[in-house]
Amino acid sequence: MKFDVVVLTDHRYVAPKERTPYIENVLQEDSLVLDALQKQGLRAIRKSWDDPNFDWSTTKYALFRTTWDYFDRYSEFSKWLETASKQTQFINSKALIYWNIDKHYLQDLSNAGVTIPKTIFVEKGTKTTLAESIANAKSEYGFTADTYILKPCVSGAARHTYKIQKNEIEKHEAIFQELVAEEAMMFQEFQQNIVSKGEISMMVFNGEFTHAVLKIAKPGDFRVQDDFGGTVHEYNPVEEQIAFAKSVVNAAPELPIYARVDIFKDNDGNWALAELEIFEPELWFRLNPKAAKILAKAIKETCIVH
């Protein structure tokens, strides 16, 4: 066995010719993790998940970090995931990754008592219209808002995420039909507080809170991702927020080695979960380099030593 851990990225970030601020952040994040693993005495290297020349049986573990092209190449990625899982172990585990890739996991967490936005799922191939789905959301699921969010169950970076006003339903019918024919979709009440107050991302490693950031959408937008002009700010959460984040990770099928818990105040004034990211979340180590050391130590103690 040549390596203890391979840090996974995608091919765009292996030897980029263009060094934009975004790519510099990616490289810095991965470098902090790789360096922290190596300082724990672990044999660690960084590779693209689709590297055709790498033998995955030569590493004990593969750690998902910046594999951010997977949702655009999902069929190819799924095949690789299945093949590589027979040659090495994943951090987080394969079972946890499969559970978390598909946002149906939100229903599981809701059933476990975690507050989520009012959500309905429209399964692939369902014969329905957007208007019928909204009517169903109101009558069967208690939706009260007149603004909605539509997005795929497997997605990232706000891919095919639409904010739909009550009077714009017909305008989005064609894209809805195109999408639901190919993949499962989710339909949620629009959450005004995410726009007005932002979304808090809480990093929780091996069940322990490490640090947090506040993500704020640019004026006129609802997406907090920096891909769409959102900004990220250091944030000091209160105990109530930390406790909520810990309760979310403890409701997962197994405790993740690393997780990002995105929370916000919902339309009813309660803390609610926007996303639980335990596959390849951005973790903002560059704002708290000590967190990379905490993660590396958790990996060594939980995975390598045991």
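The model is predicted, so local features need pLDDT of at least 70, side-chain atom pairs count only at pLDDT 80 or more, and totals for chains, interfaces and linings use all residues. Residues are numbered from 1 along each chain as its sequence is written, and side-chain values use heavy atoms, with hydrogens and water left out. Helices (H or I, at least four residues) and strands (E, at least two) are DSSP runs, numbered from the N terminus.

**Helices H1 and H9**

- H1 (residues 21–39) packs with H9 (residues 289–304) at an angle of about 45°, and their axes are 8 Å apart. Axes here are lines fitted to C-alpha atoms, for helices over the stretch in contact, and angles run from 0 to 180 degrees between N-to-C directions.
- That makes H1 and H9 oblique to each other; angles under 35 degrees count as roughly parallel, over 145 as roughly antiparallel, 65 to 115 as roughly perpendicular and the rest as oblique.
- On the H1 side, the contact (heavy atoms within 4.5 Å) uses Leu32, Val33, Ala36 and Leu37. H9 brings in Pro289, Ala292, Lys293, Ala296 and Ile299.
- By class, this contact of H1 with H9 has 8 nonpolar, no polar and 1 charged residues. Ala, Val, Leu, Ile, Met, Phe, Trp, Tyr, Cys and Pro count as nonpolar, Asp, Glu, Lys and Arg as charged, and the others, Gly among them, as polar.

**Helices H2 and H3**

- H2 (residues 74–85) and H3 (residues 94–101) pack at about 165°, with axes 11 Å apart.
- H2 and H3 are therefore roughly antiparallel to each other.
- H2 contributes Tyr74, Phe77, Ser78, Leu81, Glu82 and Ser85 to the contact, while H3 contributes Lys94, Ile97, Tyr98 and Ile101.
- The contact residues of H2 with H3 split into 6 nonpolar, 2 polar and 2 charged.

**The sheet and its helix**

- An open sheet is formed by 5 strands in the order E11-E10-E9-E12-E13, with antiparallel pairing. Two strands pair if DSSP finds at least two bridges between them.
- E11 (231–235) and E13 (271–277) stand at the edges with a single partner strand each, so one side of each has no neighbour in the sheet.
- From one strand to the next, the twist averages 30°.
- E10 (residues 208–216) pairs with E11 in the antiparallel sense over 5 bridges, and the bridge partner of valine 213 is glutamate 234 in E11.
- Helix H8 (residues 239–250) packs on the sheet, touching E9 (199–205), E10, E11, E12 (258–265) and E13. The direction of H8 makes about 50° with that of E13.
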